[in-house]
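Hi,

Here is the structure I promised to pass on. Have a look through it, and then read my notes below.

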Amino acid sequence: MEKRCVVFDLDGTLLDTIGEIAESGNAMLVAMGREPRPESDYNLLAGQGLPYMVKHALRTEDEAEIARGCELVQRYRAEMDGDVVRPFDGAAELLAELAAAGWTLAVFSNKPHDEVVKQVAQHFPEIAFASVLGARPGVPVKPDPAGLHDTLERMEARGEHTVYVGDTAADMTAGTAAGTWNIGVLWGFRDADELRSTGAHDIVEELAELGPAIEAGIARHAPA
């Protein structure tokens with residue numbers, strides 16, 4: 001019997017990180033002589049990797065400025081109070097239920113890899129993920145599917161036996177390219193129209209709905 005696999009995005013899907021993203025982004029902007037931005041701006045700036053966020057927050061094409069901004073954001077995040085990031089209510093319980101039911105679990109994020117590994121270990125220490133990957137040098141970030149293909153390889157999984165759960169167009173686009181069943185969630189950074197137009201097979205509004213949606217998705221997607 002083929003294994004059943006589910007891959008989760010991290011920020012805006014399993015973890016509520018908008019406070020961390022906005023606070024570190026604004027600290028970077030102030031340090032570089034720019035005006036801070038409303039937290040709501042970061043819902044659109046987040047999701048396509050740190051360099052994308054910094055570039056658009058700074059409104060610059062200067063590669064040196066972008067590199068400096070990324071360095072500052074990561075420094076500020078390392079110094080921040082850990083309480084600014086928390087799992088969405090019910091996320092840890094859902095992961096435990098899926099693991100107990102025999103699902104193979106993974107995390108794949110556009111956040112820098114070291115931050116992803118640290119936060120997954122901190123907030124979900126009881127979960128034995130088959131793969132935890134973030135943005136790594138030399139590997140294009142979502143919406144490119146390269147990292148998702150890496151995740152599937154590490155899980156020894158195929159797209160047709162995998163559900164991918166995320167909250168942005170980048171997630172849905174990458175999942176479509178990798179052949180997964182894509183579920184968009186509405187407690188993260190983007191809205192239903194964006195998710196649906198970029199490849200979501202299903203959309204859920206509440207975390208309590210996600211477990212049944214994953215089960216239904218794999219039943220519809222996996223070959224008979």
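**What I found**

The protein chain has 10 helices and 8 strands; helices (H or I, at least four residues) and strands (E, at least two) are DSSP runs, numbered from the N terminus. Before you go further, note that this is a predicted model, where local features need pLDDT of at least 70 and side-chain atom pairs count only at pLDDT 80 or more, while totals for chains, interfaces and linings use all residues. Residues are numbered from 1 along each chain as its sequence is written, and side-chain values use heavy atoms, with hydrogens and water left out.

**Overall shape**

Along the principal axes, the C-alpha atoms of the protein chain fill a box of roughly 60 × 30 × 30 Å. The radius of gyration is 17 Å, which agrees with the value near 17 Å that a compact globule of 224 residues would have. (That radius is taken over C-alpha atoms, and the globule rule is 2.2 Å times the number of residues to the power 0.38.) Of the 224 residues, 51% are buried. Here buried means under 20% relative accessible area, exposed means over 50%, and partly exposed is in between, with a 1.4 Å probe and protein chains only.

Start with strand 7 (residues 181–185), where 5 of the 5 residues are buried. Both of its faces are covered: Trp181, Ile183 and Val185 sit on one side, with Asn182 and Gly184 on the other.

Strand 6 (residues 162–166) runs parallel to strand 7 and is joined to it by 4 bridges; two strands pair if DSSP finds at least two bridges between them. In other words, with the strands pointing away from the viewer, the path from the first strand over the helix to the second runs clockwise.

What about strand 8 (residues 202–204)? How many bridges does strand 7 share with strand 8? There are 3, and the pairing is parallel. Val185 stands opposite Val204 in strand 8. Strand 7, helix 9 (residues 192–197) and strand 8 also form a right-handed β-α-β unit.

**Strands 4 and 5**

Strand 4 and strand 5 pair in the parallel sense too, over 4 bridges, and Pro112 stands opposite Ala135 in strand 5. With helix 6, these strands make a right-handed β-α-β unit. Strand 5 is largely enclosed by the rest of the structure, because 4 of its 5 residues are buried.

Arg154 counts as partly exposed because its relative accessibility is 48%.

**Cavities**

There are 2 cavities of 30 Å³ or more. On a 1 Å grid over the protein atoms alone, a cavity is a set of points where a 1.4 Å probe fits but cannot get out, while a pocket is an open set with protein on both sides within 12 Å along at least five of seven lines; lining residues have an atom within 4 Å of a point. Grid points are joined across faces, edges and corners, and a volume is the space filled by probe spheres set on the points.

The largest cavity holds about 210 Å³. Its lining has 19 residues, and Asp11, Gly47, Gly49, Asn110 and Lys111 lie nearest the centre. Strand 4 (104–112) gives the most to that lining, with 4 residues, and helix 3 (50–58) supplies at least two. By type, the lining splits into 6 nonpolar, 6 polar and 7 charged residues. (Ala, Val, Leu, Ile, Met, Phe, Trp, Tyr, Cys and Pro count as nonpolar, Asp, Glu, Lys and Arg as charged, and the others, Gly among them, as polar.)

The second largest cavity holds about 40 Å³. Strand 4 gives the most here as well, with 3 residues, and its lining residues include Phe108, Ser109 and Asn110.

**The largest pocket**

The largest pocket has about 260 Å³ of space. It is lined by 15 residues, with Glu20, Arg77, Ala78, Lys118 and Gln119 nearest its centre. Helix 6 (113–123) and helix 4 (63–79) each give two or more residues to this lining, and helix 6 has the largest share, with 6.

Cheers
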